[in-house]
Amino acid sequence: MVPKIRRGSRTHGLLVYLYGPGKRDEHIDPHLVGSWDGFAPDPGRDTSPDPDPKVTLARLAAALDLRVKQAGDKAPTEHVWHCSVRTDPGDRTLTDAEWNTVARRLVHAVNLAPEDDPDGCRWVAVRHADNHIHILATMVRGDLRRPRMNYDFKKAQAECRRIEKEMGLRRLKPGDGTGAKTPTSAERFKAERTGRTEAPRETLREAVRQALAGAATEGEFFTRLRDAGLRVKTRTAPSGDALGYNVALPGDRNRHGEPIWYPGSKLAPDLSLPKIRQRLVDGAVDQATPPAAKGLPGWSPPARARRSATGTAEQAAVLLDRDDDEAAAQLVGVGELLDAIAQTSPAATRAELAAAARTFERATRSHVRAERADNRAIRSAARGIIQAGGALGRGEDGGTTAMLVSTLVLVTLAAARWHSARGHAQQAHASRQTAEHLRTAYHQAAATPMRALHEQGRALPEAERRKYEATIRTALPEQGTRADGASATTDALAATLAQAEEAGHDPETLLQQAIDMRELDTAADVNDVLVWRLRRLAHLPAHPGEAPRRTSAGSRTAKTSTNLTSELKKAPPAPARPASPRNRPPRR
């Protein structure tokens with residue numbers, strides 16, 4: 001049940017609309033379902049001998065405005081309180097009596113007309129469709145004072161959550177006031193008329209987020225906005241310093257032919273210029289040499305950037321698992337990383353990754369603030385992906401995309417647990433939805449490399465394959481018991497262990513270190529997660545068709561004990577989960 005509150009100054013004009021044919025949705029049988037005293041004239045159900053709806057509507061408007069006229073100059077300029085209340089499409093149809101109850105509870109909750117208060121404001125509830133009503137109230141009490149209506153929207157939302165529970169309706173997630181402003185009805189209708197798939201506000205919000213992903217300076221941010229084709233207007237102080245900014249879509253104009261500008265703060269609370277400046281300070285990135293450019297020769301820049309970002313994402317997941325408020329800064333970085341990979345991924349995965357980035361945007365904001373915000377590493381990873389450019393959907397580019405997305409699934413699930421522990425219902429729900437989008441994108445990106453790995457695993461000599469299956473059973477007892485009956489589930493993992501050993505690593509030590517990196521409870525497929533961890537830690541190509549990097553036999557011990565151990569020491573271990581086994585079999 002969703003309430004939308006507006007204020008105005010024309011009682012009669014709003015009644016004409018509510019009882020009229022409607023500008024978009026056809027109004028069917030408009031009539032009152034409730035009023036301040038239960039006896040208000042109803043233009044839709046006038047039972048007089050010679051009914052005239054226009055006359056009855058004028059009488060109703062005069063009755064509602066009576067106290068406004070009596071108050072004179074003391075009445076507020078915008079004296080009309082208008083609240084539309086809509087049920088979910090899957091909810092049952094409420095009766096007129098039930099809608100009357102909803103209306104009375106809402107005007108009581110916002111202090112317009114408290115129960116048993118004879119001086120409460122006058123109001124009516126009009127129904128002209130099955131799934132919603134409109135509450136119209138005039139904001140002058142019987143004693144000619146204004147009602148105290150602080151935080152009326154929050155109070156209406158809270159009352160709707162209680163009504164949903166009591167009436168058996170779909171229960172929406174309670175918000176905390178940090179969500180982005182949704183498009184108005186007028187914006188949505190205009191988008192449909194002009195053939196847009198979404199309102200300009202939503203398009204601009206996504207474009208601004210993408211321009212901010214990994215940006216190093218304020219100037220770079222504005223340059224990216226202009227390069228994306230947006231119109232940009234800055235507000236400057238006499239000193240020349242920017243005070244704020246507005247953006248507009250080319251071609252989006254009002255009735256006077258002027259561009260429709262949106263301030264950053266109206267797109268989302270964290271997109272105002274002061275908030276952006278704070279983000280650039282807290283998450284300062286290296287402008288000269290992005291981390292993705294260091295080491296790992298022989299692979300394309302997009303592949304190197306994704307491989308480097310995977311390790312950074314693992315560390316972010318570990319920080320979120322620590323359940324510390326300081327991890328709030330990591331959520332902002334994860335959002336930028338998703339925006340970066342969505343912009344640069346191949347067409348096959350771009351739609352799902354873009355949906356994941358849009359969904360996770362809600363999870364990046366809450367009232368929790370990190371006192372020592374430090375998300376430089378993950379913002380630098382996002383910058384590295386942006387600077388590396390677009391990735392191909394095949395070869396090492398496609399394999400490293402699957403590697404990174406597999407890790408981001410676990411990161412977003414860690415974010416869901418972090419938010420749930422703090423009662424952030426909307427953010428936790430957005431994180432879980434993001435994980436579903438990422439799982440779909442992962443299956444699209446991983447199909448080719450995982451198919452090749454399964455084939456390589458099945459092609460191993462029988463004795464060698466059994467040796468690696470025994471290693472898997474020892475490290476993952478619950479997982480290993482499936483190997484004899486369903487060897488296909490471990491073929492890719494066995495092939496990866498074989499390639500790691502060929503490259504000079506000890507398979508048993510390497511596998512145990514991959515397992516110990518962090519929990520596997522939330523993995524939908526433990527084998528897939530371990531395959532990508534092993535290939536990253538052992539510097540194996542993400543696409544099995546590429547040649548692995550080899551080390552000498554004499555350096556096997558040094559590589560395993562030094563490089564991999566140092567990798568694991570970058571972040572503290574995740575806390576133990578006593579109520580759950582460390583490793584579960586994959587959920588199907």
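How far is the sulfur of Cys 160 from the closest cysteine sulfur, and which residue holds that sulfur? The legends below start there. This is a predicted model, where local features need pLDDT of at least 70, side-chain atom pairs count only at pLDDT 80 or more, and totals for chains, interfaces and linings use all residues. Residues are numbered from 1 along each chain as its sequence is written, and side-chain values use heavy atoms, with hydrogens and water left out.

**View 1. Cys 160 and its closest cysteine sulfur, in Cys 83.** The gap comes to 6.9 Å, so it's too far for a bond. For a disulfide, you'd want a pair of cysteine sulfur atoms within 2.5 Å. Searching the whole structure turns up zero disulfides. Cys 160 is also buried, at a relative accessible area of 0% (buried is under 20%, exposed over 50%, partly exposed in between, with a 1.4 Å probe and protein chains only).

**View 2. Cys 121, another buried cysteine.** Here the relative accessibility is 2%, which is why Cys 121 counts as buried.

**View 3. The rings of Phe 221 and Phe 222, a tilted pair.** The whole structure has three aromatic pairs. In this one, the ring centres sit 5.3 Å apart and the planes make 45°, so the pair is tilted. The cut-offs: rings of Phe, Tyr and Trp (its six-membered ring) pair if their centres lie within 6.5 Å, and planes under 30 degrees apart count as stacked, over 60 as edge-to-face and the rest as tilted. Both Phe 221 and Phe 222 are buried, with Phe 222 at 8% relative accessibility.

**View 4. Phe 222 and Tyr 245, an edge-to-face pair.** Centre to centre, these rings are 5.8 Å apart, with 75° between the planes. The pair ties together distant parts of the chain: Phe 222 belongs to helix H7 (residues 218–227) and Tyr 245 to strand S7 (residues 242–248), 23 residues apart. Helices (H or I, at least four residues) and strands (E, at least two) are DSSP runs, numbered from the N terminus. Tyr 245 is buried too, with 2% relative accessible area.

**View 5. Zooming back out to the chain.** There are 21 helices and eight strands, and 52% of the 588 residues count as buried. Among contacts (heavy atoms within 4.5 Å) with a separation of 6 or more, 74% come from residues 24 or more positions apart.
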